[in-house]
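Me: I have a model open on my screen and would like to learn how to read it. Could you walk me through it, one feature at a time?

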Amino acid sequence: MSVSTVTKDKKSVRAPSVFDIPGETGMPLFGHTFKMLKDPVSLGAYMRRKYGDVYRSYSFFRHSVSMHGPEANEFLLMDREKNFSSEMGWNPYLGRLFPRGLMLLDFNEHKGHRHIMATAFKTGPMKGYLERLNAEMPKRIAEWGKTGSFQFYAAIKKLSLDMATTVFLGLDPDTDSSKINKALTDMVSASMGIVRVPLPGTIMARGVKGRKFMVNFLMQEIPKRRGIEQSDIFSQLCNAEDDDGNSFSDQEIVDHMIFLWMAAHDTVTSSVTTLVYELGKSPEWQEKLRGEIKALGLNSDSLPYEKINDLVLTEYAFKESLRKNPPVPATPRMTVRDVEFMGHTLPKGTIVGVSAVASHRDPDVWDDPDKFDPMRFSPEGGAKTRHRFAWIPFGGGAHMCLGLHFAYMQTKVIMAHLLPHYDIELPKNYQTEFQIMPIIKPVDGLPITLKARA
Ligand code: HEM
């Protein structure tokens with residue numbers, strides 16, 4: 001324990017230490033790492049019962065402090081006093097493979113980059129992405145229908161990668177993007193590996209190789225995209241300018257693209273999977289969503305941009321599945337100064353975090369938290385009166401997910417093309433377990449059957 005002293009009013013005052021915060025270190029060397037990977041929800045509930053809403057634990061070779069409850073979520077995410085670094089919080093997990101992605105920038109620099117990137121998510125570009133999604137979806141979903149019974153997680157992962165090829169890169173989705181897809185998935189897997197150095201044969205070594213491939217690929221493409229109007233995210237970033245005419249350098253485009261891709265891919269894969277799981281368990285909600293989609297009277301199932309907000313029940317259902325299973329289970333930060341919160345001092349340089357998955361399943365906040373009840377998100381279901389930081393699947397504050405409207409849009413497009421034609425069926429008496437870390441997914445891949453509707 002480091003104990004330094006400062007002179008104040010001639011008294012010796014001990015510097016705050018993370019060990020002043022109640023908690024425990026867990027088993028030798030690895031601390032809580034394995035429990036954190038296996039069942040972070042039970043671990044969090046146990047620690048909270050024992051030590052309260054602010055507690056210290058040890059995982060991934062570091063001490064960290066967890067903060068619980070909507071007020072803690074607001075305090076950390078809004079960060080009104082600029083106490084917390086997102087870069088330093090995420091760096092141990094993402095720094096090696098996704099350096100200088102938007103979430104790994106802080107304060108003024110972050111703000112400047114976010115302004116430029118936000119131009120790629122305005123209405124005009126979003127309409128272009130939607131066209132690409134609508135164009136590709138029918139044949140992909142028809143292929144699912146022909147297969148009948150399959151593992152949904154693998155299928156939606158493939159669909160998301162194919163969509164990323166067209167929407168993110170502007171390439172024909174039928175081009176062979178297997179090398180790109182492999183590089184991306186290797187990077188994502190490596191970001192949560194326990195071995196953090198790229199020793200030969202490790203997933204980190206594969207992740208580093210994947211990044212090198214992606215950097216080379218994107219760098220050689222940039223000159224072809226500058227000055228060209230094209231409706232994919234890569235071309236948009238190559239030409240993005242904020243109101244003052246600031247734009248990204250080649251290296252910045254590469255770093256942002258690689259990060260964006262990671263940020264979008266596994267999150268959408270995870271959230272559409274859990275929505276399909278909930279709908280499979282609830283034929284009643286399936287029917288409600290189907291009715292809402294059919295009522296739009298779509299032409300060839302294509303969802304026009306102007307109709308996206310009309311899918312109100314679909315949005316409630318998506319929000320509710322994000323509540324039960326938020327793809328990003330926890331959000332880390334590092335204190336940049338000593339910070340006071342709820343009677344505790346979090347010393348400068350401490351890793352602190354809030355947990356979406358714990359917040360979303362907290363029985364003090366949500367009635368019957370295990371129940372799938374999309375109407376919680378209706379105005380009469382409590383959406384207006386609940387603490388606005390009780391539900392944080394997209395974070396909040398300066399780093400709030402920049403792609404959240406994209407996520408809603410892509411999910412609604414998938415539902416609009418899927419539900420009018422198929423019933424989603426799960427095996428009889430089906431129960432699955434969800435792996436929580438690093439991203440929520442069903443351990444058995446979610447076996448489903450799509451039954452064609454007459
Ligand atoms: C359901 C799907 C998604 C979920 C649950 C999700 C969740 C999140 C969360 C929790 C954060 C904030 C992390 C923090 O504060 O440290 C975040 C940031 C971000 N997300 Fe998403 N995300 C999703 C989809 C997407 C998509 C589709 C894109 C892009 C097309 C995207 C792009 C980003 C970016 C750029 C940031 C960083 C924002 C910043 O630091 O200013 N996300 N996301």
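Reply: Gladly! Let's start with burial: a residue is buried if 20 or more other C-beta atoms lie within 10 Å of its own, exposed if 12 or fewer, and partly exposed in between, with C-beta atoms placed from the backbone. In this protein chain, buried residues account for 43% of the 454 residues. Keep in mind that the model is predicted: local features need pLDDT of at least 70, side-chain atom pairs count only at pLDDT 80 or more, and totals for chains, interfaces and linings use all residues. Residues are numbered from 1 along each chain as its sequence is written.

Me: Is Met437 buried, exposed or partly exposed, and where does Met437 lie?

Reply: Met437 has 15 C-beta neighbours inside 10 Å, so Met437 counts as partly exposed. Helices (H or I, at least four residues) and strands (E, at least two) are DSSP runs, numbered from the N terminus. Met437 sits in the loop between strand 12 (434-435) and strand 13 (441-442). Lys38 is 399 residues away along the chain, yet the C-alpha atoms of Lys38 and Met437 are separated by 7.4 Å.

Me: How many helices and strands are there in the protein chain?

Reply: The protein chain has 15 helices and 14 strands.

Me: Which residues are closest to the ligand?

Reply: A residue counts as near a molecule if its C-beta atom, placed from the backbone, lies within 6 Å of it. Here 22 residues surround the ligand, and the closest are Ala264, Thr267, Gly395, Cys401 and Gly403. Helix 11 (250-281) and helix 15 (404-418) are the elements that give two or more residues to this shell. Helix 11 gives the most, with six residues.

Me: What about the strands: which of them form an open sheet?

Reply: Two strands pair if DSSP finds at least two bridges between them. Three strands form an open antiparallel sheet in the order 6-14-11. Strand 6 (149-151) and strand 11 (422-425) are at the edges, each with a single partner strand, so one side of each is left without a neighbour in the sheet. Strand 6 and strand 14 (residues 447-452) pair over three bridges, and the bridge partner of Ser149 in strand 14 is Thr449.

Me: Which strands does helix 11 lie across?

Reply: For angles, axes are lines fitted to C-alpha atoms, for helices over the stretch in contact (C-beta atoms, placed from the backbone, within 7 Å). Angles run from 0 to 180 degrees between N-to-C directions. Helix 11 lies across strand 11 and strand 14, and runs at about 90° to strand 11.

Conventions:
Contact = placed C-beta atoms within 7 Å.
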